[in-house]
Every structure is written in structure tokens, then in C-alpha cells.
Amino acid sequence: MSVLLSTLNAKYIHLNLAIRLLYHLYKDKHNLNLKEFTIKENKDAIAEFCKNFEVVAFSCYIWNITQTLQVCELIKKINPNCLILLGGPEVSYENNDVINLPYVDFIIEGEGETAFNEFLNCNGNYAQVSNLVYKENHQIKRNKAAANFNLNNYKYINPYIEDGSDELNNKVCYIETSRGCPYKCEFCLASLDNKVRYLPIETIKEHLLYLMNNGRVIKFLDRTFNIKKDFTLDIFEFILKHHRPENVFQFEITADILHPDIIRFINEKVPKNLFRFEIGIQTVNQSANLEVSRKQNFEKTKNIILQVQDKVELHLDLIVGLPLDYWNDIKYSFEEVFKLKAPELQLGFLKFLKGTTMRDKAQHEFVFDQNPPYQLIKSKYLNEEELADIVKLEHALEIYWNGKKTINTLSYVISKYSSFDFLLGLGKFFGEKKDFHKYSLEDVYLIASEFCKLNYPNDTALQELLAIDYYLHHKVKPKPLLINEIDKKEKFMLLDELKLNHHKYRFIVLPILNSGGEAISKFALNKHIIIQYSGKEKAKIIKQNIITPVY
């Protein structure tokens, strides 16, 4: 039986670990093939590739289920005899609507290793296959659940062994060291498996070493990587011993339980930005946390973030729409977390994933989209207009902060104004001027400048900081925008006086308009702002004849 293991990744840079694990577990015993696509690829072309296999097995997620089902329908039209098998988190729960589709034959619920092997060996006797959902005589059959797969079976199996450096170096490489999560956050599928199981440590290190040698960005899939202090330190030590300079390692951690020994290890031994920590804060409102069975001490979390932020690149998450989180609660959470100035702050919206208990909380009057990604539409705490406004704030956050367009401007805003109100207003204003998905770099700065002039007319520092951010965002000297340079003759006299090599580099010299306020003075040299361009890296500020990085 010829079987294709496949998935539609969200982006080309992603790799799917699940189908690789199944492939390498059973490829020596069965006629297995592996092929990945992306959700943006032509569906007809994908179906044409899949049509000649006897079984096509797709790994399904919230981001690809719609496109995957479209492909399944096309495959069945071309080859009605091809059997379609689906697995993955998006079809493991509340799946009657999917299995009832005429072009879906089977679903494996939950963990797939045992069930997939049984399916390959069943010779059509599907009643013997654990975790299998299928149709028989127009009725849905749902087989008994399998016991948890013994992760020791992965000893000596490397899921990436057939992926060389050409494949891995330009993509995100995923690795799991454990399965399960000790926490019970009711909006998260990981809460459904509270038993944490680890792969053999030798296997973990073997996989990790291979990815370090052949890949660049390595992302750990563990829901809370730092549950066990000794295990965390052991892996960190192994990384420091074997990593290459270009490697980056990404971990999802729970900050308020990060052990002091781990913090000390990071600050004493880990090179800057080798590690990237994803930290789900979600909300500062303790009532909202407790309502979704979530435990978190924000003061501890904040304190630990401040202890490691100079060494670790941080990605912080907030969720809009949790029960008991009203508008002012969301505003407070946003402002408190934004003050930490993490390089990336993701403002997500509550999603009602199949299988999670969030779907059962009728008392909160949740209304959510019945189609993926099942996002909140309204509740008794937020109406549709409020949610739509926060979406505009989120767009502004992505463009101006996460997109690294106005780091200095927004750092100033944090110190002087409400960052929530500023980005909310800017997001609304931007939406009136441009499509959030279609704009130029100049639009970003011109719209922000106009917004600041209208809403903060007496704050000239905002205009100067926007100009500084614009000029610093380039590798090559850009065209003038927002603030023009000083007179050319005066400029070159100043460059010669400071012994700056204007033959090797290009410079922009801006006048100071803000009478030397503190927000601007840190950039100033001789009452000017001097920016140097090499053409190879982003521009730098010259201060006291020293090239000074900013923020």
C-alpha cells in the first residue's frame, strides 16, 4: 500500500515534525512517502501530486484545515479510490462535521504513532485500529483510545536525518523533548494532557546536535520547557558546548517559576541573544486568570523578565477577550507589559479551539466564529466595536513596534503617554489612510507624523524621534523625510571638524528642533543628530565621535 504523509505548512520556512516522526518510525516496514506543501500553493497542483497514492495522510492544524479539506475534495474528484486519512489537533476533537464529509475517509484522534501503525497493518479491518474515526453503513464509528505512546521508541530515530543543511539552514527546525503540560489553562489544547513525558535524553541531544550542525533556528515545542531545573540546565549546557555562532534557540517558558540557578546560568554563561524566550503573560488581571484555571504571579514574572532581558531576546504574549477582562483591564495589562519593552509583543485574540472547555462557558455570553480560527466576536465584557478597535491597535503594534519601525518614538511614548491610547489612535488613523496590508515604508512614517501633529501638536520631540527612527531604519542613505538636513556646506564643515570619513560612509546631519530635551539629547552631538550609513548594515548614531547603538 503506497502511503503519502503530508501537510500544508503556514509558510515555506516551517517544517512539520509530526509527519517526519511517523515516516521515520515506520518507513522500513511500509511503502511510505513524505511531502510538504504550503497553504498558499496551488490546490490543483497539490491534488495532482497526491492522486496516485492509495492513502494520503494529512496533518491538520487550525491554520491549514480549510485548505487541507479543499485539497482532499480535489483528490477525491481525480481519484475516488484514494483513501484520505486526517490527523492532528484540529481534527482530534468535535470532528463529526469533518468525518461526515464525503471526501474524508478516516480520522486519527490524538497521539498518532500507535494508531497509524495499526492502520498500516490492519488490512482493511478498521475496527482494530485505536483512536480511529470512520464511517460504516452511514454511521460514524469511533474506536477505543490507545495508551500513550512510549517515547523511548524514538531511541536511535532522527526525524531530520534525510534533511540536510540545504533544507534546514533556511527554515525553522522544531524539536520536542517532552509531551504534555502541567497547567490547565482552559483556552489551550495542551491543558488536556497533564502528564508530562520526556524523550530519552540521549535521543534529545542527538537530534539537537544534528539540528545545530545543519540548521540555524531551532524551536523547542515543549509547552513549558523549564519545568525541571536540572533538565533545563543540562540542555542549556549541551547547547553552549556544541552550538554554532549562527544558531538561535527558541523556548516557551513559564517565567514566574524560572529557577534562580537558571537565571544565574543565563546571565553568567549564555551569549547575548543566543536564546529566545516566549512567555505567555496573557493578562495581568488575576480574576481573569483564575476564571480560566490559570496560575500566574505577574510581579514575579516581570521581575524575572527584567533579570534576563539583557541576555535573552523576549517574545511576550497577551490575549484579548478572556472572561472577566473588560476594556480597562486589557488596557492596564497592555501598558504594564509594554513597559517591559520586549522586542516582540504579540496581542492575540481569544480563540475557542475544539476540545477546550472555553467552548462550554455559556455564562460569559461568548459569541465566536464557527470557522477556523474560531476567534471571539463578542462577549459580556467586550462588544464588537471594542474588539474591532483593539484589532486596529494590534495592527499598529505590529507595524510600529514589532516591525521595528519606531522603537525610539514608542519608547518615548511609554515614558510620557498611555501607550494603549497612542497605538489605538494611531491604528484607527492608519486604517483611515491605508490598507493595513498594503502600504509603503514612507506611509508608515508620514501617517504617524500626521497623527502626532493632530493629536500631540505641542510635542516636537515626537516629530524628531519619528525622523530619527526613519533615518535609522535604512542601510543606505534614504531620501529626506519629516526633517531635512542642515545646509550642505555647514554639514561638511562639521564632518571634517569631527574627523568623520565622508568618503567611506554617507552621513545625514539633522538639526535639533526640540531645544535639547532629554528624549532627543541622548542622540545629539554638537547640537546636531549625525547618522552614519555603511550600505551593509542599518544606520548608526554618531555620539561623541563614538558609534552608538540605540535601544
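Trainee: Which backbone nitrogen does the side chain of serine 418 reach?

Mentor: That of aspartate 421, at 3.0 Å. A polar contact is a pair of N or O atoms within 3.5 Å; within protein, one must be able to donate a hydrogen and the other to accept it, and residues adjacent in sequence count only if both atoms are side-chain atoms. This is a predicted model, where local features need pLDDT of at least 70, side-chain atom pairs count only at pLDDT 80 or more, and totals for chains, interfaces and linings use all residues. Residues are numbered from 1 along each chain as its sequence is written, and side-chain values use heavy atoms, leaving out hydrogens and water.

Trainee: Where is serine 418?

Mentor: In the loop between α14 (407-416) and α15. Helices are DSSP runs of H or I, at least four residues, numbered from the N terminus.

Trainee: What does serine 418 touch, leaving out residues up to four places away in sequence?

Mentor: Lys331, Glu335 and Val413. Contact means heavy atoms within 4.5 Å.

Trainee: Now helices. At roughly what angle do the axes of α13 and α15 cross?

Mentor: Roughly 95°, and the axes come within 7 Å. Axes are lines fitted to C-alpha atoms, for helices over the stretch in contact, with angles from 0 to 180 degrees between N-to-C directions. So α13 is roughly perpendicular to α15, a label for angles of 65 to 115 degrees.

Trainee: Which residues make that contact?

Mentor: Among them are Leu393 and Tyr400 of α13, with Phe420 and Phe430 of α15.

Terms used
Helices (H or I, at least four residues) and strands (E, at least two) are DSSP runs, numbered from the N terminus. Angles under 35 degrees count as roughly parallel, over 145 as roughly antiparallel, 65 to 115 as roughly perpendicular and the rest as oblique.
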